[in-house]
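Dear colleague,

Please find below the structure that I am handing over to you. My notes on its charged side chains follow.

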Amino acid sequence: MIKKMFTLLIAVLFVLPFIAVADDFDDDFGGDDEEESEESESDEEDEAPAPAKAKVKNESDSDAAMRDLMGESDEQPAAKKQNAPVAKAEEEAEEEGGEEGSSLPKGLKPILLVKGGFSVLGQYKQYKEDGTTSKQNAMFGSVDEGIVGIEYQGAHVIAKGTLNLRTDNALVKYAVNNPLIESNLHSIQNGAANALYEIYGGIKFYDVFIKAGKLIPEYGLIDSWQELGMGFSTPFLTRSLIVVEGYIPETDAGLSLGYNGIIKNDHNVFVGLSLGTGSNKSEFWYSDKTLGIYGRVGYGYKEYIKAALAFQFRNDYYMDDQANHKKLSTIGIGVHLKAAVKGFEMPLTFDYNMNGMVNSAKNYGKATRNGMLLSLAPGYAYGLSRHVEWLDKVSIAFRYDLVMGIYASKETSDWFYLDAANFKKDKMYMRIGATANLFTKEFAGIRGMAGLTFLMQPKAKIAKGVYDHGFTTIVIQAGAEY
């Protein structure tokens, strides 16, 4: 009896990996020596099946004891006995009256995504107060995504709470000729005020959902960039370009409703509408808040394709107690795509925006300027599992970003990005890059990557005697997700 309890204790301590070992231990060292010693040697032929019967009985008793210690019912669902998925077994156990508290609620899962990089080589030109520039080394590092939290997807209740523990990226702060990024994009700022990334709750019924809280707007495929993906690891390349360039807030506090479901064999249809408000930073214009409506309609098929048509209408409100208060609107239309087939991958982002600004040359009257954003990242992934046991794939990708509608000089004033006189809608700059990355297989729910990225923004003339000098950088990157 003591030997059986000892064997059972070992099995409980090691749970699944050593259940088979525990059974062999019991067989090899005779869990029923006392009973077998009472049998007569003259009845060997009659006793031939006895060991098999004893083994079956011992396994049944051991399994029953194991279920009792783990808080499970004696009547196990057939799917569980046949090593069916855990989620299916838990669902059937609940239907058959299984005891509560034996595991975490179904649908509850932790969220962990960390990726960042360090620029080992690179340079950019920094503007000085006297209007000249000086060449600077671009040896910067940053955590571009540090998402930590938990999510619950129940039958009818949904909830999510995450923090995004990013750090500043000096390349964006000093080397980019776009005040929208530095002054109006919270996704590249750190600190407690901006760490609260998503926290919402809601209900769903037949794939129709209603969510309220601080959440990502229903726009394009912004949420699908929260993964390791191709492994581009600079703030320009970890998320949708429309977010990086600062034209919409990455999170809004408000309400979201829509539909997201699978119909007819892995065909995914999703429709969403968000109404949200967020902060808009501009000390010159005494910014008060941003109020926006965002929407999208999209389609996906398995892991092969996901596409969305998106729109936004946003008003930036400024305090009424100031002399130059304004209400400026932004209207945008976007087409977003992520496609993959036979190792080839293609993310695409295209957005066209009509930006409300002021015209300092005409007594600060309202004006509209148009901007366009295009981003492509074609790549190919080659599977390595047949060659190396712990590796998943190696991917090589190229990147091309085009920004049309840019600023004529490197001003630092907060109001500059609102002045239509300095916005040249017929000018453009581009970014090009390449990356190579290794991805590991999933171990204990964790998947990792590491790689190397080259990225540059060539020099571009944007007005007479005015240039965007761009930058060059080579980044070592790494990341992991759970």
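With which residue does Glu218 form a salt bridge, and how far apart are the closest N and O atoms? The partner is Arg296, and the closest N and O atoms are 2.9 Å apart. A salt bridge here is a side-chain nitrogen of Lys or Arg within 4 Å of a carboxyl oxygen of Asp or Glu. The pair links distant parts of the chain, 78 residues apart: Glu218 is in the loop between strand S6 (208-215) and helix H10 (241-244), and Arg296 is in strand S9 (residues 287-301). Helices (H or I, at least four residues) and strands (E, at least two) are DSSP runs, numbered from the N terminus.

Before going further, please note that this is a predicted model, in which local features need pLDDT of at least 70 and side-chain atom pairs count only at pLDDT 80 or more, while totals for chains, interfaces and linings use all residues. Residues are numbered from 1 along each chain as its sequence is written, and side-chain values use heavy atoms, with hydrogens and water left out.

Arg296 also meets the side chain of Asp223 in a salt bridge (3.3 Å, N to O). Asp223 is likewise placed in the loop between S6 and H10, 73 residues apart from Arg296 in strand S9. As to accessibility, Arg296 is buried, with a relative accessible area of 9%, whereas Asp223 is partly exposed at 32%. Buried means under 20% relative accessible area, exposed over 50%, and partly exposed in between (1.4 Å probe, protein chains only). Glu218 is buried as well.

A further salt bridge joins Asp392 and Arg447, with the closest N and O atoms 3.8 Å apart. Asp392 lies in strand S15 and Arg447 in strand S17 (residues 447-457), so the pair ties together parts that are 55 residues apart in sequence. Asp392 is partly exposed, at 27% relative accessibility, and Arg447 is buried, at 17%.

Lys393 is also found in strand S15 (residues 391-407) and is buried, with a relative accessible area of 17%. The side chains of Lys393 and Glu345 are joined by a polar contact of 3.5 Å (a pair of N or O atoms within 3.5 Å; within protein, one must be able to donate a hydrogen and the other to accept it, and residues adjacent in sequence count only if both atoms are side-chain atoms). Leaving aside neighbours within four places in sequence, the residues in contact with Lys393 include Tyr382, Phe439 and Arg447, where contact means heavy atoms within 4.5 Å.

Finally, Glu245, Arg399, Asp401 and Arg431 are linked in a network of salt bridges, and the count of salt bridges comes to 14.

Yours sincerely
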